Amino acid sequence: MWNGAIMRELGTRWGRGRICISAVRGSLAFALIVSLCSNGLAQKPTPLDLSEASLEDLMNMRVTSVSKREQKLSSAGAAAYVITQDDIRHSGMTNIPDLLRMVPGVDVARLNANTWAISIRGFNYRYSTKVLVLIDGRTVYTPGFSGVFWDQQDVPLEDIERIEVIRGPGGTVWGANAVNGVINIITKKASDTQGELVSVGTGSQETASGLVQYGGSAGSKGSYRAFGKYFNVADAIQPDKSAASDGWHGVHGGFRADWDFSGRDTLTVQGDLFGSSEGQTITTLFSNQLPDAHTFTNKVAVGSGNILGRWGHTFSNGSETKLQLYYDRVRRFDQAFEVLNTGDADFQYHFRLGSRHDMLAGAGYRLTDHSYTESYEITFGSGHRRDNLYNTFIQDQIQLAPSLTLTVGSKFEHNNYTGFEFEPSAQVVWTATNRQTVWASASRAIRQPSWFDAESKLDAATFPLGGGGFGLVQLDGNPNTKAETLLDFEAGYRIQVSKQLSLDATAFNSHYSRLQSLEPGTPYFTFDPLPAHLVTPSYWDNLAHAHDYGAELSANWNVTGGWRLSPGFSYLQMKVGTDPSSHDTSTAASVGDSPKYQAQLRSTVKLPHRIEWDTSAYYVGGLRIGPVPSYTRLDTRFGWSIKEGVEFSVAGQNLLRPDHLEFFDGLQVNPTLVRRSVVGRVTWRF
Amino acid sequence: MAILVHRNLTCRLVLLAIAATAGHVHAAESVPDEYQVKAAFLFNFAKFVEWPSIAFKGPEDPIAICVMGQNPFGTALEDVVRDKTVANRAFVVRGVLNTQQAASCQILFVSASERKRFRILLDELKGRSILTVGEGDDFMANGGIINFRLKDARVRIEIDAGAANRAGLHVSSKLLSLAERK
């Protein structure tokens, strides 16, 4: 019979047949011999049978908790994927954007050393607008462009508990801008990061990184952690292989404290201070120096801070309330001087009605105060704007039958651009057997307009006029801009085929309307600023639509006890068109740039002497704009637990080619190439 | 596969081959899943706990292991109790939705998905001879008898002997000695 204790005992007993089985299980060549070696029978190896294990044996067994994640996922009525801390460690990645590559359906493209274009299910762009990103419940997208500045988001990877990625609309619970998905980065509780941690790394691209963290008790009922980290990333290279100037470095300090009072009340307080500076090569006009365009290294500097508090209360009947408040301030200098202050209050109530209804209701208010001044070629209205966002939502999870649940709900919001919006959704989950789940959903989601959509004026390009002088192409915001709308239908299937193999498949059919289009306006002549010139304005409107469909597939296969394979695949077909009333000839605004096919394979191997060997390969299809050819990324990592509390790892990334291009269109920002690199790290825990 | 080679010799050859390529022979441990081990514990509890005779309808009645809430075991529970008997009783595994259905169970595993209702559930089951097992910080505080905890990637159990007594159950001292008492 098998169990962990016996396996350890056999480690040195050559004569016993049983050692052969697990040592060679993954290998075809040894299959014959394996059958001879097993338990004196010339049969297939017996599966793990714990029924004869004694209590003491059971208490000594080391277990994996993979199924816990899969169990949570197995009942979700949406295309959900969880990146665990183990996934993060095995990946060898050093930043959050790269981690997102392992989720089928997510497009990640590195524009330069400090800039990424990330989206879900299409429309990828440096300022991609349709994904909501949160860190511990705090929204990190900028209402200026309705996008995310990924260089402003920094979380020590060792402190991430998990990253939940939902592909498809999450509007009902998460609100506007969760049109194509939600990325929720969740950090570990302070009680899980106690003691000292020092981590130091260096590499060819990540030239320096250091993290010092300490966790201790906060009174008798709480814990805290505080950390400081520094990183420095080297310049990449230009497409013509000359040196780039996109290197960046940053400093980040933060803390988190959690208290558990009497099991009924929990309190979390966390905060960060972050500063970074980086370079980019940009090509831009200067609105007060027309018509010349200049290409130069633009310096970007970011300073930000936030503080968040979350109070949870559990009532004696089991219902819960949660109140969250946060304040976030970002100052960014990037072709303009931008300050964004956000204050947010959010309340949720979770309760049961009868035995079949699990209800979640909430209300929230967000105040944003945004100023954007002194830029090279773009203005935003008067340069200052204050907005109120009110929202409320309700969701009911109904247990129709023991294996069938129906979840219906809607979010209702009021924003300063389009007024009242609502986002309803319905999901059905059928647990067909205890190994298979089938789900389907229908939802409506909206993307709230950004300040850019409504009030910007961007001097995009100049062109010479026949008789001398020049014309200026200007892209203008539209105060009557509407919210982009999505009607989405999707379905999925999850199966635990065997103890070793599980599969997850999703198919989606999405109809977008009121997508952003660029409509020509009436040209006019002006003297402001001099020299006199012709202005040919185009303005943003919502006269495009799209029909997208596709599928995502992921699997986990425990080939042997120490070897796991995770393949993934995604397919996306985008059909974008303009409405009959539109005069937009290119729909360049709405399409963005995402590959049609993506695939990946990740392998994790446990070797003797506490060594891990992880390899991942990602295939990313080509992009239209550029054009950017398809590429395959190959990474490999060795991790070694030298002794208790000391870990060493070395990883090679992008091994297949010395350099490659991943994205082209960054508006004024010029792309650089992603290079082959190596990075090493040592971590001490006391 | 009837290959007539001496078993031990073949094994030694295999191991030599592996040693030559890998430099060291070490069986990659087959690591059981957390819920396979917890399922085995539930089966073992039946061996080390005595129910009063009124807990069963008759001497032939099977021991019912019930799961309330999301079932995290997959097929591990059925697999571990298949064709087994304890005190001449066979096992049956079923899922239950509410306390009425749970009333006829001997062992009730309450999934973490029911966390919000631990108190109500356990209150409603008071007085019945049901061994309530859960996994969660507040399961015992709300009246549960056995709680699973994960420590250093190993499954540990906590037992509230007082709650077991009040439920009319007799827990063997062997099981109590292995548990972290509460």
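1. A quick definition to start: a contact here means heavy atoms within 4.5 Å. With that in hand, in chain A 61% of the contacts between residues at least 6 apart in sequence join residues at least 24 apart, and for chain B the corresponding share is 58%.

2. A word on the basis of this note: the model is predicted, with local features needing pLDDT of at least 70 and side-chain atom pairs counting only at pLDDT 80 or more, while totals for chains, interfaces and linings use all residues. Residues are numbered from 1 along each chain as its sequence is written, chains are lettered from A and ligands numbered from 1 in the order in which they are written, and side-chain values use heavy atoms, with hydrogens and water left out.

3. On to chain A, which has 10 helices and 35 strands (DSSP runs numbered from the N terminus: helices are H or I, at least four residues; strands are E, at least two). Of its 686 residues, 55% are buried (under 20% relative accessible area, with a 1.4 Å probe and protein chains only). Chain A exposes about 28000 Å², and carbon and sulfur atoms supply 60% of that (areas by the Shrake-Rupley method with a 1.4 Å probe).

4. A residue worth a look in chain A is Glu158(A), in the loop between β5 (138–139) and β6 (160–167). Glu158(A) counts as buried because its relative accessible area is 14%. Its side chain makes a polar contact with the side chain of Ser199(A) at 3.2 Å (a pair of N or O atoms within 3.5 Å; within protein, one must be able to donate a hydrogen and the other to accept it, and residues adjacent in sequence count only if both atoms are side-chain atoms). Leaving aside residues up to four places away in sequence, Glu158(A) touches Ser199(A) and also Gln85(A), Lys188(A), Leu197(A), Leu211(A) and Arg681(A).

5. Chain B comes with 7 helices and 9 strands. Of its 182 residues, 49% are buried. The chain exposes about 8600 Å², with carbon and sulfur atoms supplying 50%.

6. Within chain B, please look at Val37(B), which sits in helix α2 (residues 34–48). Val37(B) counts as buried because its relative accessibility is 0%. Phe73(B) is 36 residues from Val37(B) in sequence, and their C-alpha atoms are 9.7 Å apart in space.

Note on methods. Buried means under 20% relative accessible area, exposed over 50%, partly exposed in between (1.4 Å probe, protein chains only).
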